[in-house]
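Me: I would like to learn how to read a model of this kind feature by feature. Could we begin with a helix and then work outward?

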Amino acid sequence: MESAEPAPRRSYGRVLAVSTTVLFLEALLAAVLAVLYLMTREPLRLGPTADALASLLAVSQLVLVAAFVLSLVAVLPAVALAGALGRVFGGRDAWPWPVGVLAVLTGLPAAAGADAGEDPTGRLTAWAVATAVLSAAALIGRLRRAGLFGLVLLRGAAVVAGIGLLGSFALWTDIVPKYRPPLLTGASMPGTWSDRTGGAVTLAADGTATASAVKHFRTGEGSGWGRGCSGPGTWTLTPGRRNTWGQRVDIRIPGCPLPAWRVAGSPERPELYHPVGDPDDNDLYELRKNR
């Protein structure tokens with residue numbers, strides 16, 4: 001009968017590589033979950049999805065460097081210290097030791113920066129999350145198994161990709177409802193829409209509008225905010241051809257070059273907005289319907 005092949009000795013270089021990979025994959029998973037969650041919320045200030053994905057790819061190298069640094073200064077020492085403590089007090093290197101060591105290490109900064117009158121909920125949550133994230137990297141990295149790095153990389157990437165695909169499918173099929181702008185109609189538009197800084201426009205059911213200090217943004221040379229627009233005008237609502245994302249509201253005030261307004265908010269609190277300034281800044285000018 002052949003004897004089982006003995007597990008390889010622990011290599012702290014392998015621990016560092018595996019821990020870095022686990023932390024990087026955890027960051028990717030958190031980003032995927034955040035994107036899926038944000039697709040269920042109002043994306044008024046999130047910017048185009050393509051820009052968000054490009055930004056994520058741009059910082060991926062920084063995330064990898066951060067994962068390496070965390071592994072080097074936190075996970076690796078915790079695994080080494082946990083191994084020594086386990087052998088001294090228990091006779092063996094048991095898995096609870098790295099968790100306990102990391103819980104102490106992550107708790108020290110939180111305790112040092114705590115204020116007496118501060119609500120500890122936020123700090124406790126951050127401590128628990130940091131301990132869990134680092135502990136996962138430590139517990140997986142300390143395993144003595146041949147081919148561990150490749151196994152973690154392949155399976156971890158598969159988990160991240162699988163959750164992303166499942167989440168996308170759930171949103172696409174409306175198993176999880178994604179955000180859509182509220183449906184505006186000719187009956188729901190009349191009323192006063194204000195920018196909460198003194199500007200407002202009142203829309204009437206007959207298609208007329210009355211503006212009061214509504215701001216407009218000049219483009220081109222000498223770009224910036226122009227004088228507030230006031231006076232009578234008209235408004236029209238263009239429904240979306242396929243869904244509520246395509247809705248546009250045109251408010252025309254003589255002498256005031258206002259672009260078409262897009263729709264956001266909720267059915268209870270609809271909003272009109274349009275981008276201003278540099279598109280990369282994602283600055284918006286918003287009007288919210290008064291109750």
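**Reading the model, from helix to loops**

Reply: Helix α5 covers residues 148–172, and at 1.5 Å a residue its 25 residues should span 36 Å, which agrees with the 35 Å that separates its end C-alpha atoms. Please keep in mind throughout that this is a predicted model.

Me: Which residues of α5 are buried, and which helices do they pack against?

Reply: The general idea is that an α-helix has 3.6 residues a turn, so residues three or four places apart point the same way. In α5, the buried residues are Leu 148, Val 152, Gly 156, Val 160, Gly 164, Gly 167, Ala 170 and Leu 171. These buried residues of α5 pack against α1, residues 12–38, and against α4, residues 121–141.

Me: Where is Arg 196 found, and is Arg 196 buried or exposed?

Reply: Arg 196 is found in the loop between β1 and β2, and its relative accessibility is 51%, so Arg 196 counts as exposed, the cut-off being over 50%. Arg 196 also has a positive phi of about 65° although it is not a glycine.

Me: How should I read the strands, and how many bridges join β2 to β3?

Reply: For strands one asks about the partner, the direction and the residues that stand opposite each other. Strand β2, residues 200–203, runs antiparallel to strand β3, residues 208–214, and four bridges join them. Within this pairing, Val 201 stands opposite Ala 211 in β3. The two strands β2 and β3 form a hairpin with four residues between them, and in the turn Gly 207 has a positive phi of about 90°.

Me: Which strands come next if I follow the pairing on from β3?

Reply: Strand β3 is joined by five bridges to strand β6, residues 229–238, and these two run antiparallel. Ala 209 has Gly 233 as its bridge partner in β6, while the bridge partner of Thr 210 in β6 is Pro 232. From there, five bridges join β6 to β7, again in an antiparallel arrangement, and Thr 238 stands opposite Arg 248 in β7.

Me: Where does Thr 244 lie, and which residues does Thr 244 touch?

Reply: Thr 244 lies in the loop between β6 and β7, where β7 is residues 248–252. With a relative accessible area of 15%, Thr 244 is buried, because the cut-off for burial is under 20%. Leaving aside residues up to four places away in sequence, Thr 244 touches Arg 180, Pro 181, Pro 182 and Leu 183.

Me: Where is Ala 94, and how far apart in space are Ala 94 and Ala 82?

Reply: Ala 94 is found in the loop between α2, residues 49–89, and α3, residues 96–112, and at 14% relative accessibility Ala 94 counts as buried. Ala 94 and Ala 82 are 12 residues apart in sequence, whereas their C-alpha atoms are 8.3 Å apart in space.

Me: What surrounds Lys 289, and which side chain of opposite charge is nearest?

Reply: Lys 289 has its place in strand β10, residues 283–289. Lys 289 is buried yet has no salt bridge, and the nearest side chain of opposite charge, that of Glu 268, is 12 Å away. A polar atom of the Lys 289 side chain lies 2.4 Å from the backbone oxygen of Ser 188. Not counting residues up to four places away in sequence, Lys 289 touches Ser 188, Met 189, Pro 190, Gly 191, Thr 192, Trp 193, Arg 269 and Pro 270.

Me: How many helices and strands are there in the protein chain, and what percentage of its residues count as buried?

Reply: The protein chain has five helices and 10 strands, and 32% of its 291 residues count as buried. Among the contacts between residues at least 6 apart in sequence, 56% join residues at least 24 apart.

Definitions and conventions:
Residues numbered from 1 in each chain as written. Predicted model: local features only at pLDDT ≥ 70, side-chain atom pairs only at ≥ 80, totals over all residues. Heavy atoms only, no water. Pairing = 2+ DSSP bridges. Buried < 20%, exposed > 50% of the residue type's maximum accessible area, 1.4 Å probe, protein only. Lys, Arg positive; Asp, Glu negative; His and termini not counted. Salt bridge = Lys/Arg side-chain N within 4 Å of Asp/Glu carboxyl O. Polar contact = N/O pair within 3.5 Å; in protein donor to acceptor, adjacent residues only side chain to side chain. Contact = heavy atoms within 4.5 Å. Expected span 1.5 Å × (residues − 1).
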